[in-house]
Amino acid sequence: MGYQVSGSGFSWRVTDAAGVQHGQYYRNNADAFEFAKRLEQADKVHTRSCLCCTVDFKSEGAHNRMCSKCRQLSGGMM
Ligand SMILES: [Zn+2]
């Protein structure tokens with residue numbers, strides 16, 4: 001998605017859409033791709049407003065639209 005792996009030989013790096021490097025230089029591209037994947041997963045965890053009480057909470061993804069309190073109140077239906 002937003003991260004690119006570039007390099008050659010024993011020098012690989014991960015940059016974001018703005019060209020900013022994340023992490024260190026990697027000696028092989030598999031490690032660099034693994035790191036890019038982790039960064040993308042971390043980006044998916046962001047703050048949403050709860051559908052029920054509109055409080056801000058850390059969402060785990062598109063399926064997660066209610067805060068933990070409301071999810072408990074709904075009896076785990078969501
Ligand atoms: Zn809520």
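What share of the contacts in the protein with a separation of 6 or more comes from residues 24 or more positions apart? The figure is 16%. Keep in mind that this is a predicted model.

Let me start with the overall layout. The protein has 5 strands and 2 helices, and their order along the sequence is β-β-β-α-β-β-α. The radius of gyration comes out at 18 Å, whereas the globule rule gives 12 Å for 78 residues, so the protein is more spread out than a compact globule. Along the principal axes, the box filled by the C-alpha atoms is roughly 55 × 20 × 15 Å. As for burial, 9% of the 78 residues are buried.

Strand β1 covers residues 4-8 and runs antiparallel to β2, with 5 bridges joining the two. Within this pairing, V5 sits opposite V14 of β2. The two strands make a hairpin with 2 residues between them, and G9 in the turn has a positive phi of about 55 degrees.

On to β2 itself, residues 11-15. In a regular strand, side chains alternate between the two faces of the sheet. Here W12 and V14 point to one face and are buried.

T15 has Q21 in β3 as its bridge partner. This second hairpin has 5 residues between its strands, and G19 takes a positive phi near 85 degrees.

Technical notes:
Residues numbered from 1 in each chain as written. Predicted model: local features only at pLDDT ≥ 70, side-chain atom pairs only at ≥ 80, totals over all residues. Helix = DSSP H or I, 4+ residues; strand = E, 2+ residues; numbered from the N terminus. Rg over C-alpha atoms; globule rule 2.2 N^0.38 Å. Buried ≥ 20, exposed ≤ 12 C-beta atoms within 10 Å, placed from the backbone. Contact = placed C-beta atoms within 7 Å. Pairing = 2+ DSSP bridges.
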